[in-house]
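Visitor: I have this one open on my screen and would like to talk through a few places in it. Could we go step by step?

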Amino acid sequence: MEYLQKFWELLSADGVAAFITAAGLIYTIRSFNKQQKLVVFMDYTKRYQEICLNLPENINDADFCFDDLDPEDREKTLRYMRAYFDLCSEEYHLYLQKDIDKSTWVEWESGIRYSFSKKSFRDAWVRLGLDTVYYTDFSELVRRTLEKHT
């Protein structure tokens, strides 16, 4: 009974106001964090879409060959492939820094692995020579992925 009496004593108008303020602040922070994650996800989705729209229609064909493209198209395609690899590397970095949740990373990683199952993406990776220090962590992920497809 004594605990109940102390609780009611603490439950003053100031205590109620402080509790409501704290609850509101927590709700606002959580909402803001959720909104920020959505903005990041939408930005990365937009970048991915732009890259895809600038790749040749037949980029996913099993017999795709960069050498079959005219020099200007080959350069443009490889530039967008580099942009794709940069995007993937940034996504992986966000995951390692815990700036995105596990479910988002699982979705993105699945797409990355699927891309590297295609000859054109593997060829572009090698052709661009991206297995360098710049891509340290991401290069290891790619290496493991490539081992499954060679």
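Visitor: Is Lys98 buried or exposed?

Guide: Bearing in mind that this is a predicted model, Lys98 is exposed, with a relative accessible area of 71%, and its place is in the loop between H3 and H4.

Visitor: What is its phi?

Guide: The phi of Lys98 is near 60°, a positive value in a residue other than glycine, and this comes just after H3. Most residues other than glycine have a negative phi.

Visitor: OK, and H3 itself, how many residues does it have and what does it span?

Guide: H3 has 26 residues, and from its first C-alpha to its last it reaches 37 Å, which is close to the 38 Å expected at 1.5 Å a residue. At the start of this helix, a side-chain oxygen of Asp70 comes to within 3.1 Å of the backbone nitrogen of Glu72.

Visitor: What about Leu96, where is that?

Guide: Leu96 is found in helix H3 and is partly exposed, its relative accessible area being 35%. Between Leu96 and Asp137 there are 9.1 Å in space, C-alpha to C-alpha, although the two are 41 residues apart in sequence.

Visitor: Switching to the core: which residues touch the most other members?

Guide: The largest nonpolar core has 30 residues, and those touching the most other members are Met81, Phe85, Phe116, Trp125 and Phe138. Helices H2 (13-53), H3 (71-96), H4 (102-116), H5 (119-128) and H6 (136-148) each supply at least two residues of this core, and the largest share, nine residues, comes from H3.

Visitor: Take Phe116, then. What is it in contact with, leaving aside neighbours within four places in sequence?

Guide: With those neighbours set aside, Phe116 is in contact with Phe85, Phe121, Arg122, Trp125, Phe138, Val142, Thr145, Leu146 and His149. Among these partners, Phe85, Trp125 and Phe138 are also listed with Phe116 as core residues that touch the most other members.

Visitor: Last topic, cysteines. How many disulfides?

Guide: The count comes to zero disulfides.

How values were computed. Residues are numbered from 1 along each chain as its sequence is written. This is a predicted model: local features need pLDDT of at least 70, side-chain atom pairs count only at pLDDT 80 or more; totals for chains, interfaces and linings use all residues. Side-chain values use heavy atoms; hydrogens and water are left out. A nonpolar core is a set of buried Ala, Val, Leu, Ile, Met, Phe, Trp, Tyr and Cys residues joined through side-chain atoms within 4.5 Å. Buried means under 20% relative accessible area, exposed over 50%, partly exposed in between (1.4 Å probe, protein chains only). Helices (H or I, at least four residues) and strands (E, at least two) are DSSP runs, numbered from the N terminus. Contact means heavy atoms within 4.5 Å. The expected span of a helix is 1.5 Å times one less than its number of residues. A polar contact is a pair of N or O atoms within 3.5 Å; within protein, one must be able to donate a hydrogen and the other to accept it, and residues adjacent in sequence count only if both atoms are side-chain atoms. A disulfide is a pair of cysteine sulfur atoms within 2.5 Å.
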